[in-house]
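Hello,

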Amino acid sequence: MKNMQSISIFAHGFLLVMLIFSHPSSTQAQEVEDEREFDYVIGGPIGPEKWGEIKEEWSLCSTGKMQSPIDMSNPRVERVVNPYTLNRNHKPSYATLKNRGHDISLQWEGDAGSILINNTEYALKQAHWHSPSEHTINGRSYDLEIHLVHMSNDSKIAVMAVLYTLGIRDSFLSMLEANISSMINQKGQSVYSGIINPRDIQTSRWLYYRYIGSLTVPPCTEQVVWMISRVIRTVSKSQVKLLREAVNDYAENNARPIQRDRCK
């Protein structure tokens, strides 16, 4: 009889253990749901208005005096028409596409060249896309914006940007479409893309807007040199759709709202 009771107790205990391990707790499920640190949901708990409150090191997102993006009519913006103020020395190098969840990033692994601004050299590190555009011109938003992020030896940042409107397919994006398609909703996935020439990203060397601003994602670091091409390029509707489908749902519209100057 005692043996039967022991067997019964063991069986019930084994069943309880199996139930515990076969059904994830609500805490575990919540951790999966909250894997991102920020998003672009306006009015949401971790949306753009809240970025500066999420982490102490992100406080500039709320308190910074020179935040980006802005409209090109802002007094901070200078219209440049001198071809000698920006020397673009980009060159082909090995690169990898990465789905960062909030955007698709093309990261160069070797020496992809640099740009020279006021005798300071900034090495090209990566490029990524925002849709719709983050910067606006006379209040108009465009369908896509690419950022080419550069960094100097002393960690200063310079970003070249190009705005796109719907029209003919962008030839640079066309080369990457197959790889981007393979990482739809695959946050963290990387795809080796071979040798990529950043000069294939068409931009203007001497017609651009320039101003001092910030990164448009946390930690919203300031003193970033921005150069936005005044020549608007074209991109197809399907290419914009692909970039939006590839990222997480919360980042399909991954543009930070226009920032108002806080220095007044």
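Tyr40 and Trp51 are both buried (under 20% relative accessible area, with exposed over 50% and partly exposed in between; 1.4 Å probe, protein chains only). This is a predicted model, in which local features need pLDDT of at least 70 and side-chain atom pairs count only at pLDDT 80 or more, while totals for chains, interfaces and linings use all residues. Residues are numbered from 1 along each chain as its sequence is written, and side-chain values use heavy atoms, with hydrogens and water left out.

Tyr211 and Trp226 have ring centres 6.4 Å apart and planes at 10 degrees, so they count as stacked. Rings of Phe, Tyr and Trp (its six-membered ring) pair if their centres lie within 6.5 Å; planes under 30 degrees apart are stacked, over 60 edge-to-face, and the rest tilted. Tyr211 lies in strand β10 (residues 208-214) and Trp226 in strand β11 (residues 222-229), 15 residues apart; strands are DSSP runs (E, at least two residues), numbered from the N terminus. Both Tyr211 and Trp226 are buried.

The whole structure holds 6 aromatic pairs. In one of them, Tyr40 and Trp51, the centres are 5.6 Å apart and the planes at 85 degrees, so this pair is edge-to-face. Tyr40 and Trp51 also belong to one aromatic cluster with Phe38 and Trp58.

Finally, there is a charge over a ring: the charged end of Arg230 sits over Tyr209, 5.8 Å from the ring centre. The criterion is NZ of Lys or CZ of Arg within 6 Å of the ring centre and within 35 degrees of the ring normal.

Regards

Methods. Helix = DSSP H or I, 4+ residues; strand = E, 2+ residues; numbered from the N terminus.
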